[in-house]
Each structure stands twice: as structure tokens, then as C-alpha cells.
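Thank you all for coming. Please take a moment with the sequence and the model on the screen, and then I will walk you through some of the parts.

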Amino acid sequence: MHRRPGLSARLKLTLSYAGFLAIAGALLLAVVWLFLLRYVPDNPQGLLGIAPNRYLLVRTFAPAAAVAMVFLLVFGLVGGWILAGRMLAPLTQITAAARMAGNGSLSHRIRMDGRRDEFRELADAFDTMLEQLESHVAEQQRFAANASHELRTPLAISQTLLDVARRDPTRDHDELFERLQAVNTRAIGLTEALLLLSRSDRGNFTRESVDLSLVAEEAAETLLPLAEQRRITLDVTGGAAQTSGSAELLLRMVTNLVQNAIVHNLPADGTVTVHTEAQHDASVLRVENTGHPLPPELVPTLTEPFQRGTERVRTDEHAGVGLGLAIVHSIVRAHDGTLDLVPRPAGGLLVTVRLPGTP
């Protein structure tokens, strides 16, 4: 933004200090005049016939008062300039850091020394903002790189299949069409997941009253054939849990959690339990499943986009794109909730979603 040049804050403070000091000196002289000189008789004998009269005192005092006022003004300007510079030094550091951040250097930190005051609180808040911004930018860069890689893979496969079909016209077209359809379906699923993740990150959705227990039952009914196919027992328990948000996004959140719990389970005879309840001012959803033990260091990374743990990679028709829990995390965050992932000692995962409750 273009602004016209003006006085600096340091110069304004200097003038303010000097002005206040000059006013204080003038008030002091006025007090001397009102409460001392005005009571001195203005006659040749002066006070009691022995002291100087008012005329002599004024002639003697006036030059000294003028010198004192000039000294106070100069002292106020010089001292105010030095004092303002010392007071505004932290602000100069913050401004320099802000300029560096504006030029793209997000790794710089102020780390201002000294005891806590307004400037140091501002510097600490600015450092925290830079840290979060740097983390967010790095996350977005990783996301863009991973998304490009994931989208490039099906396109490369499609190009390879078309090149093979062009070089070998006698090749079975039905098999080619089937493989192209599978690749295209995966690319469409990935694109839709990316769009949903972007939508939930923006948080621009209409809020309405939603009962998580009904959402859980709908998700379980939709995924029951998948659970039966894999011989997984799917149970929905608990009571009503009212919250405010997007019914579509919350259904996708629960569906992703339940599908994730079914797919990443034991080969057979596993269980998935979905539980909803209202706790004080929160609505709670828990999804618990059996499965193989998960390394504790792996769990915090599962909500990152395109993150797949070694124990969780699927090679069948339900292989994901690594966005399931990332979408869940984004939807929970957009609804002002919290997401907790805890590995079960016996294997599997316990996922707890807490959203703000409504009456």
C-alpha cells in the first residue's frame, strides 16, 4: 500500500517528551510567580525594607528562567530521542522480521531477550505465528507434491496401456477397457477426495443440527456388505449425540472412519464398534477396531495427506489414496472438534471424535 511520508514514531515520541518537559518547566515557573514573586512588594524598600523589590527579582530571575527553559527543551529533545530509540528498538526487530517473512523467509525468529512486556509478548506471538505459518506452508508443499505424484500415476498407467494397444492392434480390447476403467475410477476417486479435502479445509458450509448416532447408523448400514464380505462384526451402540455442522461432511467423516476400521482389520473374525454419546457440552463418536498392532510412532502421522504406514497399505480393490484420515481430520477441525487416535494394546486402533454439542 502506497502511503505519503510522515513523521516517524521516534520523532513523534521525541517531540512529545520535549513538549511535556517544556510544559512542566513552564508550570514550575508559573508556580514560582504565583506563590512567591507576586507577594514581594513592588516598592523601593522591598520586603520589610531590607529585601530587593519585585522589579529587581524579576530582572534577576527572568534570564535564568529563560536559560533553564532552553536547557529543558534541548535536554528533552536529546533525551527523548535517545529514550524513544531504546523504547522502539524491539519494534524495529519485529519490523525487520516481518519484512523477511514478507520476502519468503519464514525460518527467521526474533527470540527477543529480556523480561516480559508488551513488545516481548508481541515478538513471542509473532514467532509463534511464523512457526505455524512455516509448518502450514511446508505441509501444503508436501501435499501439492504428493497430489501431483498420485495423480500422475494413473495418467502414466493410462498412457502406457494406450501405447501398448497402439503397438499391438490384436490385443484383447475388453481387457484394455477394463484396466483403463479401473485406472480412471481410481483417478476420479482421488480427485473427488482432493476436492472434499479442500472444501472441508475452507469451512464454507451450511450448519444444521445433526445427530451423530443417526449418521453412524447410516454409515454402518452402507458398509455392512463390506463388513460381511470380510467376516467383520460391525456394531453400533450408544445414544443420541447432537452437534451442529454439515450432515454431508459428517457422514463422510463417519463413513471414512468405519471403512478404515473394516479394511485395516484382521483377515477374518474381526470386530468394529461404533459408539456415540453426549458428554456435558460435547458430542463424542468412538470407532474401535481389532487388527494388527500399530507402532506408536506411526499413529500421529496417519492424519497427514497421502500417509500410509507399512502395516496399513492395501493391495486389493479397497486400496486407498492416503486421504481417508486426512479428510476426517480436516472435517473435525472445520467443525471445531478434536480427533484422537490411540493404538490398542491388543492391536487395532481407537479413534475418538469430540465435537461441540447442542441441546
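Arg344 forms a salt bridge with Glu288, and the closest N and O atoms of the two are 2.8 Å apart; by salt bridge I mean a side-chain nitrogen of Lys or Arg within 4 Å of a carboxyl oxygen of Asp or Glu. Because Arg344 lies in the loop between E6 and E7 while Glu288 belongs to strand E5, this pair ties together parts that are 56 residues apart in sequence. Glu288 is partly exposed, at 31% relative accessibility.

Residues are numbered from 1 along each chain as its sequence is written, and side-chain values use heavy atoms, with hydrogens and water left out.

How confident is the predictor? The pLDDT, which is the predictor's confidence in each residue on a scale from 0 to 100, averages 81 for the protein chain, and 84% of the residues score at least 70. Over residues 309-319, however, pLDDT stays under 50, and the model has 19 contacts beyond four places in sequence for that stretch, a contact being heavy atoms within 4.5 Å. Where pLDDT is low, the predicted coordinates should not be read in detail.

Now to the sheet around that salt bridge. Five strands form an open sheet with mixed pairing, in the order E2-E4-E5-E7-E6; helices (H or I, at least four residues) and strands (E, at least two) are DSSP runs numbered from the N terminus, and two strands pair if DSSP finds at least two bridges between them. Strand E2 (232-238) and strand E6 (338-343) stand at the edges with a single partner strand each, so one side of each is left without a neighbour in the sheet. From one strand to the next, the twist averages 10°; for angles, axes are lines fitted to C-alpha atoms, for helices over the stretch in contact, and the values run from 0 to 180 degrees between N-to-C directions. E6 is joined by six bridges to strand E7 (residues 349-356), and the two run antiparallel, with Pro343 standing opposite Leu349 in E7.

Finally, for "transmembrane region", the unreviewed UniProt entry lists residues 20-40 and 60-84; positions are in the numbering used here, feature names are shortened, and annotations may be inferred rather than shown by experiment. In the model, residues 60-84 are 100% helix and 0% strand, with the end C-alpha atoms 36 Å apart.

Conventions. This is a predicted model: local features need pLDDT of at least 70, side-chain atom pairs count only at pLDDT 80 or more; totals for chains, interfaces and linings use all residues. Buried means under 20% relative accessible area, exposed over 50%, partly exposed in between (1.4 Å probe, protein chains only).
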